[in-house]
Amino acid sequence: MSTTPAPVAEQPTTPLDPDAAISVRGLVKRYGDRNAVDGLDLDIRRGEIFALLGPNGAGKTTTVEVLEGYRSRDGGDVAVLGVDPASGGRRWRADIGIVLQSGAGDSQLTCLELLTAQAAYYPDPRDPAEVLELVGLTEKARARGRSLSGGQRRRLDVALGIVGKPALLFLDEPTTGFDPEARRQFWSLIRSLRELGTTMLLTTHYLDEAEELADRVGVITAGRLVEVAVPAELGGRGQAPAVVSWTEDGARRTEATPTPTAFVAGLAARFPGEVPDLAVARPTLEDVYLQMIGQSA
Amino acid sequence: MTAPTTRLPALARVYRVRAGVELKEFFRQRESVVFTLMFPVILLVVFGAVLDYDIGGGVSFTQYFMAGVIAAGILGASLQNMAIGIATERSDGTLKHLSGTPMPKSAYFIGKIVQVFAVTVATIVILLLVGVVLYGIDLPSGTQWLTFLWVALLGSAACTLLGIAVSSLAKNGRSASATVTPFALVLQFISGVFFRFDQIPTWMQTIASVFPLKWMAQGLRSVFLPEQLALSEPAGSWELGRVALVLLAWVVIGLGLCVMTFRWRDKADG
């Protein structure tokens, strides 16, 4: 990917969106002489689940950590729930929940004790027992944090992130290391949080996860957001020709067509019965994503 | 957007919660209880049984060792405990997690201070009990208790702050333990804990005099030993004024180092 390096003093093109949960204009973060984030613009609406995709080193985690108030920035304007994270105080922190990639650390406390302590930092927390129920850890209420399995630990991390009743929840690679069943359980947890009105910013390496959960996805490469779209439309996926494949005369045949229904009808007329090995495929989110980040699938 | 109508929880309540968390974290962890709390007690039991000789004036070495082992116990409960504990919490993400919540930052340190205080008091009480029951140690009397109190308070404050500062130098809990534990052990050898301070080579005495442990042990000797033994101190007296001054200086230095070096996140984390 070739990107022209943006001048740091680049003027924001449009003002920050005051109604957005997260609004970013021209965000720049430098490490040494490298721009890890290089003029990034982003708006996340209230109530939406937004997935940030991108290869390692693209600036995903750096961007999220600027939004979370963990890192300072070198340029640009940022508003998270209407507040600049660089000056966000306890009041602001009370409205956001953070599930870190690294988790919340080891503990000798039980799950219920950890949640009860965490709830005490917030003005209007959820009931810790209800949160345990929500993440499916009720039977582990009296188990110590460090005795949990990997997947249970991650669910405890999520519980700690939501016990303060945040309006905005950051989830940094929440399901890494989950088995398929645990991921499906986690997805339904996220959907129930959405129903409670929580805005979520999710980073993930799993494209099926982004497709399953996100209202919109953004792809970040080389420190810039290259596209934002609903999962079905990303990379022109919605308009991309479908690929019809079948077997004829012992050979595999494929045809890319913008009108797959008509094409298949034509095929059906040519064959007496079933069209052998018929398949119609659209490019997957993974196909368009890999294309966008400049690796051929 | 709804206007914030609910108020942030009161500081006192968060402090209480953090104190509870820190006490549970310490007393539920077998390693910390054994190494920090029981190690000085084991030392007292072993040394009391082996080195029970007369150091002059009908005073046993165990009476002398009592002062030293309490000083070492305070060092373990504060400097070693803080350096290893906080380095661990920094590298495993606990600190980063906490700094992402609305918990007031002061609450973290209040919790640690309560933990050090509880562990220190527990260590001292157990040591005194074991000393009296097993070895007939003479307990301090009158104003000696007052000296005991200020030496323990100042020493533990200085060592807690130093421990918090040292935690920032370590990569993780294990590396903190690998550097702080041998350092504390050497310090105990040259500061008059295991051996009589006046029988240690002068150059070692000089090195020991830089650090707080020597002064804590010396101040506590004035509490546990009869007045006439002050004459066998290298200085010929307990030097209580200087004890207070050096410990106070370490409190100031330790505080400065903490403010300059404390980090809520791991170095490897950018």
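How many salt bridges does the rule find across the interface of chain B and chain A? The rule finds 4 there. The model on screen is predicted, and the tour starts at this interface.

**Stop 1: the interface.** Select the residues of chain B in contact with chain A: there are 31 of them, facing 31 residues of chain A. The two chains bury about 2800 Å² between them, and carbon and sulfur atoms account for 53% of that area. Next, pick out R28(B), H97(B) and P102(B), which supply 23% of the area that chain B buries against chain A, more than any other three residues.

**Stop 2: the largest cavity.** A search of the whole structure gives 3 cavities of 30 Å³ or more. The largest cavity has a volume of about 270 Å³. To centre the view on the largest cavity, select A104(A), S107(A), L114(A), T94(B) and H97(B), the nearest to its centre among 22 lining residues. Then colour the elements that each give two or more residues to this lining: α3 (111–119) and α5 (150–162) of chain A, with α1 and α4 (94–99) of chain B. Coloured by class, the lining of the largest cavity shows 9 nonpolar, 6 polar and 7 charged residues.

Stop 3: Move to chain B and select I55, Y64, R196, D198, L225, L229, S232, E233 and W238 of that chain, which line the second largest cavity. Its volume is about 50 Å³. The lining here comprises 5 nonpolar, 1 polar and 3 charged residues.

**Stop 4: the largest pocket.** Stay on chain B. The largest pocket holds about 1000 Å³ of space. Its lining has 36 residues, and Q29(B), S32(B), T36(B), I84(B) and G85(B) are the closest to the centre. Show α1 (11–27), α2 (30–50), α3 (61–91), α5 (105–135) and α7 (173–190) of chain B, each of which supplies at least two lining residues. Of the elements, α3(B) gives the most, with 10 residues. By class, the pocket lining splits into 9 nonpolar, 18 polar and 9 charged residues.

**Stop 5: the domains of chain A.** Finally, colour chain A by its domain assignment: domain 1 covers 47–56 and 89–236, and domain 2 covers 242–281. The C-alpha centres of these two domains of chain A lie 43 Å apart.

Conventions: Residues are numbered from 1 along each chain as its sequence is written. Chains are lettered from A and ligands numbered from 1 in the order in which they are written. This is a predicted model: local features need pLDDT of at least 70, side-chain atom pairs count only at pLDDT 80 or more; totals for chains, interfaces and linings use all residues. Side-chain values use heavy atoms; hydrogens and water are left out. On a 1 Å grid over the protein atoms alone, a cavity is a set of points where a 1.4 Å probe fits but cannot get out, and a pocket is an open set with protein on both sides within 12 Å along at least five of seven lines; lining residues have an atom within 4 Å of a point. Grid points are joined across faces, edges and corners, and a volume is the space filled by probe spheres set on the points. Helices (H or I, at least four residues) and strands (E, at least two) are DSSP runs, numbered from the N terminus. Ala, Val, Leu, Ile, Met, Phe, Trp, Tyr, Cys and Pro count as nonpolar, Asp, Glu, Lys and Arg as charged, and the others, Gly among them, as polar. Domain bounds come from an automatic or database domain assignment. Contact means heavy atoms within 4.5 Å. Buried area is the accessible area (1.4 Å probe) that two parts lose on being put together, summed over both. A salt bridge is a side-chain nitrogen of Lys or Arg within 4 Å of a carboxyl oxygen of Asp or Glu.
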